[in-house]
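Subject: Structure handover

Hi,

Here is the structure I promised to pass on. Please open it next to this email, and my notes follow below.

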Amino acid sequence: MHRLVSTDHKNIGILYCVSAFVFFLVGGSLAEVMRTELMEPSRQVVSNETYNTLFTIHGTVMIFLFVAPFATGLANYFIPLQIGAPDMAFPRLNLTSFYFYIGAGVLVLLAGVAAAGQAAAMGWTAYPPLSEIRLSPGVGPDLWILGLVLVVISNVLNGVNILTTVFLMRAPGMTMWRLPVFTWNMVVVAILGLVAFPPAAAALTLLLIGRRLGGLVYDAAAGGDPTIYQHLFWFLGHPEVYILILPFFGVITEIIPVFSRKPLFGYTGFLLATLTIGMLSTGVWAHHMFTTGVIDNPFFAAMTLLIAVPTGVKFFNWIGSMWGGKIWLAVPMLFSIGFMLNFLIGGVTGVMLASPALDYQAHDTYFVVAHFHYTMLGGSVFGIFAAIYFWFPKMTGVMLSEKLGRVVFAMLLVGFNLTFWPQFVLGQRGMPRRYVDYASGLGYDTPNFVSTIGAYLMGVAVAVFLVDVWRSLRRRTPAGDDPWGGYSLEWATSSPPPEHNFDELPKIRSLRPAFDREHPELAP
Amino acid sequence: MRVATRYFVLLFLFASVAGIVYWFITYEAVGTILLLAFACTPAIIAVFAIRHGSMSGRRPEDDAEADPATEAGEVLGPFPAETVWPIFLVLGTIVTGASLVYGLILVPVGAALLVWAVLGFTRESRG
């Protein structure tokens, strides 16, 4: 009970991470059911309506209740440690934000299990008119909307807390240009959250008013405009992609130099690229609306192509950091390399989809599904596993198994690519997304079969990971304060850290205060 | 803080210019309003930071030569250990919101929970 009401940032960080992982298991299970249904032509497992609910709740859970909150959990735990602060700036606000998130999760799950014909089944984007009450009756969509409004509140509170903490609670000597990259990336994520979430709250509130109080903003028949919803939603939706990926750019940028035994290559360039991504990500929202015919396609195509440049810069930082280094292929590094490979494919196909001509062909096909899973699952989720294997020893004081970790990595990498590469093929062959069934003989059978086998393999990988965590917490192999030879300040305190984080702070004279303390002969 | 202030100013300029350019290219109102509203957010923070000299001035964390052992004398005050009020605040919010779906009968219950939570927060923060 004490853990559920404690305002200590480390406790709240763990609450976030554990809750988010539970939601990952829920969302992943829904995906396994969908893949089972699609393994062969004809219907086997679920009804049409249930399938619609499955992909609605799967998307919502994975985006709003798993990846972003997991990053928030890491931020809660590690930002104060990385900047040398005793806690977050607003501890009560922090816990409040967590409970808004839990409330959101409960509402979204209730939306999925509402009585037959009443569950949310309008897709995670909930476009009107499909999400209007005449086409999506029942309480499920309303609970879903309320849940997402709580997600918005939670994220805004988090953004305020993170910015205040980083700007006003850094240790003496921790200048902004000495901030660890994970913390910097979370600053940009916090700003994006403050900017992008409120319009989504407006979109959702107008939707609820339309459903329950007779509002007509999105009703074309009454002179409204349903594309207003799309504008408002995607003004969150696309920065949200960066809200989901930037934290894990930060995570692997913490990991790669440590496991290459070199300083980060191009710290300033990396940060400028992050800041540029933060700015440009607010100007690309309508590339999700190319086919609506009501937006200026060249403007959004140009902005989308532009944002690929700072994203590409990061690959140079990562490769430059590894180049000539003494690379240690421990599990966190393996997941970081997996992240790079997968995200590269996700990014390149994103550039392809930035072309309206190609997007018109690929829109609403499995090509898009494969693309965003390569960024979100191949990118963010590999980043999450990298973070877990990297920081678990700091959070618990015990090591995870290196051997099982390698097994998890291998199965996830193979399983992930088996699942989603065939979906590029499906998309090219024209299979639409969100269909519960397909006819045999259209070239969809084999890719769907392979994709489902891959999904099962990923399920096994996650099960092995859970065994690894359970076994490690039972065996308690001590990690020591700094098992990896880490660079940033969190490695300069005990594992797990004491209540107010540091008994004594080292001098901060570079990007690597923990390393400087251990190797004074190399310190600046 | 100066680095942060500069970034907020930069964000304001970017969003303002993007909003104006977007309007003259597309004449589309929703996106223009979104971009200009986006410009306001960092502008508010930047103006606050610039006007408050203590924030934009030099603090130990902005001093590259500062030493935590000698310069970290600032007392941050006590940190709250535990609180149950966030749970009631969220419950109150959910119940009030659910009144739109299940009927206005829930409003008094939700409002009571919200008031109780706010009073609890206030009492707690006064020690």
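How many residues does the contact take from chain A, and how many from chain B? Chain A gives 48 residues and chain B gives 45. Keep in mind that this is a predicted model.

Start with the chain A side of that contact. The elements that give two or more residues to it are α1 (2–5), α4 (91–112), α5 (140–168), α6 (181–212), α7 (226–260) and α8 (267–280) of chain A. The largest share comes from α4(A), with 8 residues. By class, this side has 30 nonpolar, 11 polar and 7 charged residues.

Now chain A as a whole. Chain A has 15 helices and 0 strands. Its C-alpha trace spans about 70 × 50 × 45 Å along the principal axes. Buried residues make up 59% of the 524 residues in chain A. Take the contacts in chain A with a separation of 6 or more: residues 24 or more positions apart account for 82% of them.

Two helix pairs are worth a look, and α12(A) is in both.

An angle over 145° counts as roughly antiparallel, so that is how α10(A) and α12(A) run. Their crossing is left-handed. The contact between α10(A) and α12(A) has 14 nonpolar, 12 polar and no charged residues.

The second pair is helix α3 (residues 48–83) of chain A with α12(A). Here the axes are 11 Å apart and the angle is about 30°. The cut-off for roughly parallel is under 35°, so α3(A) and α12(A) are roughly parallel to each other. α3(A) also passes α12(A) in a left-handed crossing. On α3(A), the contact is made by A:V67, A:F70, A:L74, A:Y77 and A:F78. On α12(A), it is made by A:M376, A:S380, A:I384, A:A387, A:W391 and A:M395. The residues of this contact divide into 10 nonpolar, 1 polar and no charged.

Best wishes

Methods:
Residues are numbered from 1 along each chain as its sequence is written. Chains are lettered from A and ligands numbered from 1 in the order in which they are written. This is a predicted model: local features need pLDDT of at least 70, side-chain atom pairs count only at pLDDT 80 or more; totals for chains, interfaces and linings use all residues. Axes are lines fitted to C-alpha atoms, for helices over the stretch in contact, and angles run from 0 to 180 degrees between N-to-C directions. Helices (H or I, at least four residues) and strands (E, at least two) are DSSP runs, numbered from the N terminus. Angles under 35 degrees count as roughly parallel, over 145 as roughly antiparallel, 65 to 115 as roughly perpendicular and the rest as oblique. A crossing is left-handed if the near helix is turned anticlockwise from the far one by less than a right angle, and right-handed if clockwise. Ala, Val, Leu, Ile, Met, Phe, Trp, Tyr, Cys and Pro count as nonpolar, Asp, Glu, Lys and Arg as charged, and the others, Gly among them, as polar. A residue is buried if 20 or more other C-beta atoms lie within 10 Å of its own, exposed if 12 or fewer, and partly exposed in between; C-beta atoms are placed from the backbone. Two residues are in contact if their C-beta atoms, placed from the backbone, lie within 7 Å.
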